[in-house]
Amino acid sequence: MGLEAHPTSPTLARERPAPDAVPGTPLPALRRGSTPELLTQADIDAEIAAEHAASAARRTAGLAVPATRNDFAPYRSSVLRHPTKDPVQADPEAVELLAPVFGERDVHASEADLTRTGTGEPIGERLVVTGRVLDGEGRPVRRQLVEVWQANAAGRYAHQRDQHPAPLDPNFTGVGRCLTDDDGTYRFTTIKPGPYPWNNHRNAWRPAHIHFSLFGTQFTQRLITQMYFPGDPLFALDPIYQSTTDPVDRELLVARYDHDVTQHEWCTGYRWDIVLTGTHRTRMEAPDPGEEHA
Ligand SMILES: [Fe+2]
């Protein structure tokens with residue numbers, strides 16, 4: 001069973017022994033056998049189309065539509081976990097006493113290369129993914145902790161809750177992190193993750209993706225999203241990708257192939273910028289600060 005979207009980001013893995021205790025962590029996807037009557041892809045496709053039509057109607061009527069639906073019914077576990085009460089105000093300083101912390105000196109350059117965590121090369125298509133973290137004015141966000149986690153080339157996470165029958169890769173843990181430089185640029189070397197099944201509905205498969213976390217300047221600012229690869233045939237079928245309501249916003253979650261990043265006889269290259277604010281900002285899995293909600 002694939003799982004989604006599990007808290008295996010590097011900082012959390014280091015700081016928190018119990019992943020289930022991470023605030024905001026989604027519930028695991030429904031386990032195989034717990035839902036005897038799984039819906040079909042056609043059922044989910046119809047639900048996605050109906051949700052999109054409803055969102056379009058609201059926009060036409062001048063009503064607010066959230067950029068990312070946290071209670072998107074076709075994405076079953078999102079309904080179970082989305083907030084039903086207003087956020088509890090917490091003392092930011094008290095939160096920081098219990099939250100993960102890091103120092104810039106803790107982040108080693110080698111952690112940006114996910115192909116160097118074992119004794120040999122991981123299996124799969126080696127690639128570099130790079131881009132800039134920017135604010136809404138196009139200014140670089142410097143010294144930003146960027147963390148990634150992903151499945152291996154076979155679509156399997158190195159995580160005990162992922163038990164779907166695809167091989168683990170002893171040379172690939174699927175986690176990495178780096179700091180953005182003066183230009184706001186991050187850069188990872190990794191392998192292309194495979195698509196994987198999950199139990200949202202019958203024969204449900206996630207498009208290949210890499211999870212990204214941006215730490216901000218304190219834990220309460222942490223933002224999480226997913227980067228996708230261009231041309232994936234599973235986009236239209238995936239209720240998580242489709243829970244971002246605007247087609248333009250969905251496009252912004254897709255990296256572009258960049259031949260200038262590709263290296264001769266070594267790896268392919270992809271570029272993906274992350275914009276934190278403004279109308280072209282990258283949509284995150286939790287509500288953006290200041291985002292209007294219906
Ligand atoms: Fe995932």
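This is a predicted model: local features need pLDDT of at least 70, side-chain atom pairs count only at pLDDT 80 or more; totals for chains, interfaces and linings use all residues.
Arg143 is found in the loop between strand S1 (126–134) and strand S2 (145–149), and its phi is near 55 degrees, a positive value in a residue other than glycine. Most residues other than glycine have a negative phi.

Glu265 also has a phi near 55 degrees, again a positive value in a residue that is not glycine. The loop that holds Glu265 runs between strand S9 (256–257) and strand S10 (268–271). Glu265 counts as exposed, because 4 C-beta neighbours are found inside 10 Å and the limit for an exposed residue is 12 or fewer.

## The open sheet

An open sheet is formed by 4 strands, which follow one another in the order S3-S2-S7-S8 with antiparallel pairing. Strand S3 (175–179) and strand S8 (223–228) are the edge strands, each of which pairs on one side only, and from one strand to the next the twist averages 25 degrees.

Within this sheet, strand S7 (residues 209–214) pairs with S8 in the antiparallel sense over 6 bridges, and His209 stands opposite Tyr228 in S8.

## Confidence along the chain

The average pLDDT of the chain is 85, and 85% of the residues score at least 70. Over residues 12–34, however, pLDDT stays under 50, and the model has 40 contacts beyond four places in sequence for that stretch. Residues 288–294 also stay under 50 in pLDDT, with 13 contacts beyond four places in sequence.

Note on methods
Residues are numbered from 1 along each chain as its sequence is written. pLDDT is the predictor's confidence in each residue, from 0 to 100. Two residues are in contact if their C-beta atoms, placed from the backbone, lie within 7 Å. Two strands pair if DSSP finds at least two bridges between them. Helices (H or I, at least four residues) and strands (E, at least two) are DSSP runs, numbered from the N terminus. Axes are lines fitted to C-alpha atoms, for helices over the stretch in contact, and angles run from 0 to 180 degrees between N-to-C directions. A residue is buried if 20 or more other C-beta atoms lie within 10 Å of its own, exposed if 12 or fewer, and partly exposed in between; C-beta atoms are placed from the backbone.
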